[in-house]
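This report considers a protein model together with its ligand. Please inspect the sequence and the structure before reading on.

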Amino acid sequence: MTLKLTVIGTGYLGATHAAAMAELGFEVLGLDVDPAKIETLRAGRVPMYEPGLDELLARHVEGIEGSTGRLRFTTSWQEVAGFGDVHFVCVNTPQKHGEYACDMSYVDSAIDTLAPLLTRPALVVGKSTVPVGSAARLAARVAELAPAGDAVELAWNPEFLREGFAVEDTLRPDRIVVGVRGGTAEKVLREVYAKPVGDGTPFVVADYATAELVKNAANSFLSTKISFINAMAEVCEAAGGDVVKLAEAIGHDDRIGRKFLRAGIGFGGGCLPKDIRAFMARAGELGADQALTFLREVDSINMRRRSHMVELTREACGGAFLGKRVAVLGATFKPDSDDVRDSPALNVAGQIHLQGAQVTVFDPKGMENAARLFPTLAYAPTALDAVRGAHAVLHLTEWKQFRELDPAQLARVAAERVVLDGRNTLDPERWREAGWTFRAMGRPNA
Ligand code: UDX
């Protein structure tokens with residue numbers, strides 16, 4: 001008989017996972033504590049912008065014309081407990097207020113609510129990013145609370161999806177990692193992931209601690225790569241080198257690789273910044289803080305990029321922000337997303353605004369979220385409108401449509417022709433030909 005799956009928490013991770021599991025052929029029941037989110041999902045709509053996810057949901061949500069009906073949503077824990085053979089826990093683990101450590105309260109409360117309702121055999125699978133040691137602690141909690149006792153097992157199955165590629169990363173992941181402690185968990189998870197594994201996705205079986213650490217290590221490595229190239233950008237600026245050329249040249253070495261070597265205003269989002277901080281905090285608790293002191297440097301190089309952009313803009317505005325208008329292209333933490341959590345772009349826009357400039361932002365998808373977070377910034381309906389009357393134009397999120405802008409057209413409406421590329425993806429020649437003073441991070445001024 002085919003396994004029945006539930007997905008607890010329908011944010012980025014959960015909504016995508018639920019839809020992907022339905023695509024793989026399973027019957028899936030998604031739960032969220034937010035009734036508004038559940039209503040949206042039941043209508044086959046996604047509460048955020050993620051390419052391809054709307055279509056995937058609509059293909060499977062029950063009640064939508066032409067759908068398979070394999071995917072349903074509920075707010076009832078009883079229903080979830082009664083339905084599922086496998087329960088995926090996909091709630092978020094944000095950074096604690098005023099601390100580096102991660103806030104486990106959503107995970108803890110999901111387990112504490114679900115476990116007492118588990119009266120039949122089931123596998124609880126954590127997917128949230130958690131501090132190492134959590135799986136062992138939660139397994140004990142499940143054993144203590146579940147009426148079905150030993151027949152309920154726990155596994156940890158970290159998720160590596162990238163926003164903007166969430167559907168692809170979930171349907172065709174580059175690896176599946178499961179942390180198990182004997183029992184039938186591995187067998188059950190092999191059944192869940194039979195399709196991608198059959199298609200060649202490596203399936204790595206580890207103990208709880210290793211599985212949890214794989215996620216921490218992967219995000220630390222990616223953050224380190226970005227901060228490395230940003231450190232090189234600082235040196236390039238001091239020495240008159242070009243970090244874009246440098247990244248291309250070192251990237252030809254297979255051992256280094258070309259990916260994640262884009263210098264600019266650095267990394268943000270709901271994962272990398274908080275994950276490296278939570279990892280440092282946890283290592284500290286374990287007495288291994290020395291091993292991760294380099295992550296402090298990674299974090300500070302990254303944060304320094306934002307202040308550096310603010311300083312470059314001040315310079316471009318003739319040394320002071322008062323009475324100046326600044327256009328900001330991009331608000332999300334990366335393109336193809338509407339996510340503005342810890343967005344370097346919005347952070348830079350906010351700092352410049354607080355220091356006295358009039359900042360007008362345009363973003364293709366992130367305007368609503370940005371306006372909610374920073375209601376005091378001005379928002380323009382198009383890039384052209386944002387640039388109108390500006391003394392400096394900042395390119396802070398590398399949306400494709402910004403590369404396709406016509407610098408000559410923008411030149412006609414700007415007050416001053418000064419553009420600062422915070423993502424190193426605009427073509428300096430095109431802008432210079434149209435009369436712009438072009439500055440980028442870690443590149444010569446020319
Ligand atoms: C990341 C991890 O990639 C993913 O595996 C994990 O599951 C969650 O965290 P995501 O947050 O979606 O995914 O974004 P990612 O594509 O990794 O980019 C993170 C940030 O780094 C963005 O702000 C991006 O602009 C920045 N970045 C990325 C750079 O500044 N330079 C680069 O070369 C690459």
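## Ligand shell, domains and selected residues

R341 is placed in the loop between β9 and α14; helices (H or I, at least four residues) and strands (E, at least two) are DSSP runs, numbered from the N terminus. The structure is a predicted model, in which local features need pLDDT of at least 70 and side-chain atom pairs count only at pLDDT 80 or more, while totals for chains, interfaces and linings use all residues. Residues are numbered from 1 along each chain as its sequence is written, and side-chain values use heavy atoms, with hydrogens and water left out.

With a relative accessibility of 40%, R341 counts as partly exposed; buried means under 20% relative accessible area, exposed over 50%, and partly exposed in between (1.4 Å probe, protein chains only). Apart from neighbours within four places in sequence, R341 is in contact with Y12, E163, G268, G269, G270 and F333, where contact means heavy atoms within 4.5 Å. The side chains of R341 and E163 are joined by a polar contact of 3.2 Å. A polar contact is a pair of N or O atoms within 3.5 Å; within protein, one must be able to donate a hydrogen and the other to accept it, and residues adjacent in sequence count only if both atoms are side-chain atoms.

D342 is not a glycine, yet has a positive phi of about 40°. Its relative accessible area is 29%, so D342 is partly exposed.

### The ligand

Which residues come nearest to the ligand? Of the 20 residues around the ligand, these are F160, L161, E163, R262 and F333; a residue is near a molecule or strand if one of its heavy atoms lies within 4 Å of it. The shell around the ligand divides into 10 nonpolar, three polar and seven charged residues. In this division Ala, Val, Leu, Ile, Met, Phe, Trp, Tyr, Cys and Pro count as nonpolar, Asp, Glu, Lys and Arg as charged, and the others, Gly among them, as polar. Helix α10 (residues 208-239) supplies the largest share of the shell, four residues.

| Protein atom | Ligand atom | Distance |
|---|---|---|
| E163, backbone N or O | oxygen | 2.7 Å |
| K334, side-chain N or O | oxygen | 2.9 Å |
| G268, backbone N or O | oxygen | 3.1 Å |

Taken alone, the ligand exposes 660 Å², of which the protein buries 95%; accessible areas come from the Shrake-Rupley method with a 1.4 Å probe, and for residues only the protein chains shown count as cover.

### Domains

The chain is divided into domain 1 (4-206), domain 2 (216-298) and domain 3 (305-440), with bounds that come from an automatic or database domain assignment. The C-alpha centres of domain 1 and domain 2 lie 30 Å apart. In contact across these two domains are 13 residues of domain 1 and 11 residues of domain 2.

### Other residues

Is H17 buried or exposed? H17 has a relative accessible area of 1% and is therefore buried. This residue belongs to helix α1 (residues 12-23). Not counting residues up to four places away in sequence, H17 touches V7, F88, K127, T170 and Y193.

T129 lies in the loop between β5 (122-126) and α6 (134-145). Because its relative accessibility is 17%, T129 counts as buried. Its contacts, leaving aside neighbours within four places in sequence, are T93, C102, K215, N216, K274 and D275.

Most residues other than glycine have a negative phi. F260, although not a glycine, has a positive phi of about 60°. F260 is located in the loop between α11 (243-251) and α12 (272-285), and is partly exposed, with a relative accessible area of 32%.

Helix α13 (residues 293-316) contains F294, which is partly exposed at a relative accessible area of 39%. The C-alpha atoms of F294 and M280, 14 residues apart along the chain, are separated by 9.6 Å. R296 also lies in helix α13. At 48% relative accessibility, R296 counts as partly exposed. Beyond residues up to four places away in sequence, R296 touches Y100 and M280.
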